[in-house]
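Please look over the sequence and the model before reading this note. The points below may then be followed one by one.

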Amino acid sequence: MIFEILTIFPSMFSSPLEEGMVGKARDRGLIQVRVHNIRDFTEDKHHMTDDRPFGGGEGMVMKPEPIVAALRAIEGSGPAARSILLTPQGRLFDQDIARRLSLLSRLVLICGRYEGVDERVAQYFTDDQISIGDYVLTGGELGAMVIVDAVARLIPGVLGNEGSALEDSFSRPVLEHPQYTRPRDFEGMGVPPVLLCGNHETIRRWRRGQALRRTRTRRPDLFARLELSPEDRRLLEENGDG
Ligand code: ADE
């Protein structure tokens, strides 16, 4: 899968997308991340990417011409692409959107800055607008990184362990159960004895119970949408220490 990122701060992407699983996936050719500097597509002497808003008001607005020139320049350089504008006005990113995006061959992520992007870019040159959360960042760059990370790990081969992407929180709408590793005693804090009992079925039931309790406490919105099995109901009653 190819990610094309349009930004005025290309260097923000170097380290975050070169480390860990995403970095490895790039090295192995499973994904490509191409970062384009919107400023390279300006035609005026000062390489301006923003301007004052029509109608007055605070702040600056990103001009349409350089963004559209960048989109046109990359248009034929790969398979058909879906283009997404990162903005707090977009629909909220979640695992379901990540899963859909992971099926694409090429994804263009346009990072807005300043007070926003000229509305004509959003209206006529993008397929979708996405926000990564109900808060305002200084730009779409961190949002684009979040999307690349969440989407890349769903691409077959990227995680190495095909089970993990399917198993984790939000693939099924419950939070994950708690995890422990060595040492068994960390500064006087132990590990739940059930995890050391060696009985896979007992451990599975304990984990499911913990996951359900955690979801009920921390994310009542998700819990309300769960369809609980008779076993789930039993586990919620039994598993009192979560
Ligand atoms: N740009 C500024 N805030 C944002 C957000 N929450 N999501 C995506 N892009 C943004």
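1. Basis of the model. This is a predicted model, in which local features need pLDDT of at least 70 and side-chain atom pairs count only at pLDDT 80 or more, while totals for chains, interfaces and linings use all residues. Residues are numbered from 1 along each chain as its sequence is written, and side-chain values use heavy atoms, with hydrogens and water left out.

2. Residues around the ligand. The shell consists of Leu86, Thr87, Pro88, Ile130, Ser131, Ile132, Gly133, Tyr135, Val136, Leu137, Gly139 and Gly140; a residue counts as near if one of its heavy atoms lies within 4 Å. Seven of these residues are nonpolar, five are polar and none is charged. In this classification Ala, Val, Leu, Ile, Met, Phe, Trp, Tyr, Cys and Pro count as nonpolar, Asp, Glu, Lys and Arg as charged, and the others, Gly among them, as polar.

3. Strands at the site. Strand S5 (82-92) and strand S7 (128-131) each supply at least two residues of the shell. S5 gives the most, with three residues. Helices (H or I, at least four residues) and strands (E, at least two) are DSSP runs, numbered from the N terminus.

4. A nitrogen atom of the ligand lies 2.9 Å from a polar backbone atom of Ile132. Backbone N or O atoms are also found 3.3 Å from a ligand nitrogen atom in Thr87 and 3.2 Å from one in Gly133. A polar contact here is a pair of N or O atoms within 3.5 Å. The protein covers 96% of the 260 Å² of accessible area that the ligand has on its own, by the Shrake-Rupley method with a 1.4 Å probe.

5. Domains. The domain assignment gives domain 1 (2-162) and domain 2 (172-238) for the protein chain; such bounds come from an automatic or database assignment. The centres of domain 1 and domain 2, taken over C-alpha atoms, are 37 Å apart.

6. Backbone features. Arg182 and Pro183 are joined by a cis peptide bond, with omega about 5 degrees. Pro183 is placed in the loop between helix H6 (162-167) and helix H7 (200-218). His47 is not a glycine, yet has a positive phi of about 55 degrees; His47 lies in the loop between strand S2 (32-37) and strand S3 (50-51).

Note on methods. A polar contact is a pair of N or O atoms within 3.5 Å; within protein, one must be able to donate a hydrogen and the other to accept it, and residues adjacent in sequence count only if both atoms are side-chain atoms.
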